[in-house]
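I set out to record what I looked up in one structure. The entries below are kept in the order in which I worked.

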Amino acid sequence: FCANCGRRSDTIKLKNCNACFLVKYCSVDCQKIHRKQHKKACKKRAAELKDEKLYSQGHKRPESDFCPLCLLAISFPMEEHAMFRTCCMKMVCNGCCLAAAKIGLHDACPFCRSPEAKNDDEAFGRVRKRVAAKDPESICHLGDLHLNGVHGMEKDQSRAIELWTEAAELGSTRAHFKLGHAYYRGVLGVAQDKVKGIHCWEVAAMQGDVGSRHFLGLAELENLNFDRAVRHLLISAKKGSKESLDRIKNLLTKGLATKAQYLEGLEGYQDAVEEMKSPDRDEIVTLMKK
């Protein structure tokens, strides 16, 4: 039945309320008339549907978090345990870099075997070539270069934001994470917009981005929504985030999280860390400590 006039579905085609899917209408006019009566229930159910989607998706790390050679997830912080290759725009883990060096592959990418760039101009040219092909990770990386003023470029925060926005539209979770931080904190030359920042993090978190999930947890902590915060932090802890696990532990000491929640996070974290281990990775860690 139409929620406003009562017309039956066997006499006219009814359309769902696209926000909550709780009721149907026979026309836009009926939906407008019924809006005031339906608004409260609609808003509540729409929020429930959003949460179901937010917390049920993104429990696996994105493909970009895995080394393309050994196919293992890269440990956090990723920039300390892997090297970003501008030739193929891949993060190759330190263990596979060591394995490549053992077989004499010193001056080429372990993954695509491209020779190391001879200078900054050559490295920058490789990035530009992939940017022209609309590769989202290359566009995001070019934004990083503009932000930091690398390869002889002047620092340009506004250009970095433009490039990250383009990369995010093309599907880069890393770009969504960076934009989320910029807007939520109001840094890098953009006006503070916490709603927009959280939206960027939510998009990335549902695609598996661990950093975005962690910061969603921190945002909920700022708003004193401890249960929602722990739900986010549990997801990121189970994917190998020590920072998230430590936050849950801190909440436990304050009576804001349960022992069961901490043990759940600890077990998931330990499993994730174990799955990221390999003999080559262990060896490079030992060598770097010497």
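I note that the model is predicted. I looked up how the protein chain is divided, and I found domain 1 (15–56), domain 2 (61–115), domain 3 (117–208) and domain 4 (209–278). I then looked up the separation of domain 1 and domain 3, and their centres, taken over C-alpha atoms, lie 35 Å apart.

**Entry on cysteines.** A disulfide is a covalent bond between the sulfur atoms of two cysteines. How many disulfides does a search of the whole structure find? The search returned zero. I checked Cys30, which is in no disulfide. Its nearest cysteine sulfur belongs to Cys26 and is 3.6 Å away, whereas a disulfide needs the two sulfur atoms within 2.5 Å. I also checked Cys67, which is in no disulfide either; the nearest cysteine sulfur is that of Cys96, at 3.6 Å. Are these residues buried or exposed? Cys30 counts as buried because its relative accessibility is 9%, and the cut-off for buried is under 20%. Cys67 counts as buried because its relative accessibility is 1%.

**Entry on the largest pocket.** I looked up the volume of the largest pocket, which is about 1500 Å³. I found 50 lining residues, of which Ser75, Phe76, Pro77, Met78 and Glu79 are the closest to the centre of the pocket. Which element gives the largest share of the lining? Helix α13 (residues 279–289) does, with five residues. By class, I recorded 21 nonpolar, twelve polar and 17 charged residues in this lining.

Terms used: Residues numbered from 1 in each chain as written. Predicted model: local features only at pLDDT ≥ 70, side-chain atom pairs only at ≥ 80, totals over all residues. Heavy atoms only, no water. Buried < 20%, exposed > 50% of the residue type's maximum accessible area, 1.4 Å probe, protein only. 1 Å grid on protein atoms, 1.4 Å probe; cavity = no way out; pocket = protein on both sides within 12 Å on 5 of 7 lines; lining within 4 Å. Points joined across faces, edges and corners; volume = space filled by probe spheres on them. Helix = DSSP H or I, 4+ residues; strand = E, 2+ residues; numbered from the N terminus. Nonpolar A, V, L, I, M, F, W, Y, C, P; charged D, E, K, R; others polar. Domains from an automatic or database assignment.
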